[in-house]
Amino acid sequence: MKSTRVLIGLLTLALCMAMAFHATAQEKKFKTENIIFVMTDGLRWQEVFQGAEESLLPEAKSGIHPSRAAYWRDTPEERREILMPFTWKVMAKEGQIFGNQNKGSVSQVSNGYNFSYPGFSEVACGYGFRDVDSNNKIYNPHLNVFEFLNNMPAYKDKVGCFGAWELFPWILNRERSGMLVNAGYEPLDTGKSFPEYELLNRMKKETTHYWGGEPFDSITFETAYAYFKREQPRVLFLALGETDEWPHGGRYDLYLDAARQADNAVRYLWETAQSLDQYRDKTTLIFTTDHGRGYAPLEWKSHGEDVANSENTWMAFLGPDTEPLGEREKVERVTASQLAATMAAFLGEDFRAAAPEAGKPIDDVLGSTNN
Ligand SMILES: [Zn+2]
């Protein structure tokens, strides 16, 4: 009799423990605790999936042009890998990449404008709002996912946003959000002082301002990278700009160089993350763009409502919760408006509870538990 009671007691205890474990497992479905979110402005899906486009490569006066030597190869697979080695050797093998329209995968912005402010806003706010319709310095009235997280105790002051373009304080509404948004040539001021912050802040003053409000990507990247290593945020947002500026200036050769550098920046961030306890095996990396561009021979320089193809984009994911399905083929269309809720979902948060218009998370990258 006594042993039966003990047995029932033990069984009840085991059942309670199993239920408690189950509840915990349901609350936190994913291993992701940190997000690294990188964007590079206006990089076409064509270059991402096929590498350099031959008709756009400049001709040398004699011999072979350095850009052709660097980026031209016989097959699209070789060309894209030489242009974006981290994306293709790591992200597209161990993670997933969407947007190869030749293989039945479409990634797009849905805002209808196909230029920068509306594109970055769609990504950050989860919706292509029609009232976000210019590149002017107007504070974005809509809630963005970085601000949504920064408003939570677990992420307070652990969100860092860095943009090459000087518009980010408006796009991410720094005035309202109060979070760290460092953009253009602004000095980095987190209230902490480190030698590399001081050096970068001096360089921002001393560098010639070639594009007005947008420095070369190396300056923005190194600022974000210094902050990332020193202050170890839970969410890092980095938006690079040269892949938009060089095409507008008609420089296909430097556009390719900028794509190569953006890929390298992502690699640096990822490899550094894997070397730090705070990030190793619990960080998801997302890499995407804010719009596409037109077709060769002329419209590749431009993008916008009236430029065909410029709504087409690409997006890549890598992390402990994303199955290694690689280059996706014959899948449902994905849009930039889904990225905010997807990013929050990796962290176990529901962005759509605060922003009901936001696109739904992309289930395919959120692991088998969500399918
Ligand atoms: Zn743009």
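What follows is a description of this model, from overall size down to single residues.

First, some ground rules. This is a predicted model, in which local features need pLDDT of at least 70, side-chain atom pairs count only at pLDDT 80 or more, and totals for chains, interfaces and linings use all residues. Residues are numbered from 1 along each chain as its sequence is written.

Now the whole chain. The protein chain has 15 helices and 10 strands; these are DSSP runs numbered from the N terminus, with helices being H or I of at least four residues and strands E of at least two. Along the principal axes, the C-alpha atoms fill a box of roughly 100 × 45 × 40 Å.

Next, helix packing. Two packed helices are described by the angle between their axes and the distance between the axes. Axes here are lines fitted to C-alpha atoms, for helices over the stretch in contact, and angles run from 0 to 180 degrees between N-to-C directions. Under 35 degrees counts as roughly parallel, over 145 as roughly antiparallel, 65 to 115 as roughly perpendicular, and the rest as oblique.

Take helix α4 (residues 76-83) and helix α5 (residues 85-94): their axes come within 4 Å and cross at roughly 105°. The two are therefore roughly perpendicular. Arg 80, Glu 81 and Ile 82 of α4 make the contact with Pro 85, Trp 88 and Lys 89 of α5, where contact means C-beta atoms, placed from the backbone, within 7 Å.

Helix α5 also packs on helix α13 (residues 252-274), at about 45° with the axes 8 Å apart. That makes α5 oblique to α13. On the α5 side are Pro 85, Phe 86 and Thr 87, and on the α13 side Asp 263, Asn 264, Val 266 and Arg 267.

How are helix α10 (residues 195-206) and helix α11 (residues 217-231) arranged? They pack at about 160°, with axes 10 Å apart, and are therefore roughly antiparallel. Glu 196, Tyr 197, Leu 200, Met 203 and Lys 204 in α10 meet Ile 219, Glu 222, Thr 223 and Ala 226 in α11.

Last, the backbone. Most residues other than glycine have a negative phi, and most peptide bonds are trans. Asn 114 is not a glycine, yet its phi is positive, about 60°; Asn 114 sits in the loop between β3 (107-108) and α6 (116-125). The peptide bond from Ala 296 to Pro 297 is cis, with omega near 5°. Pro 297 is in the loop between β7 (283-288) and β8 (315-318).

Key
Two residues are in contact if their C-beta atoms, placed from the backbone, lie within 7 Å.
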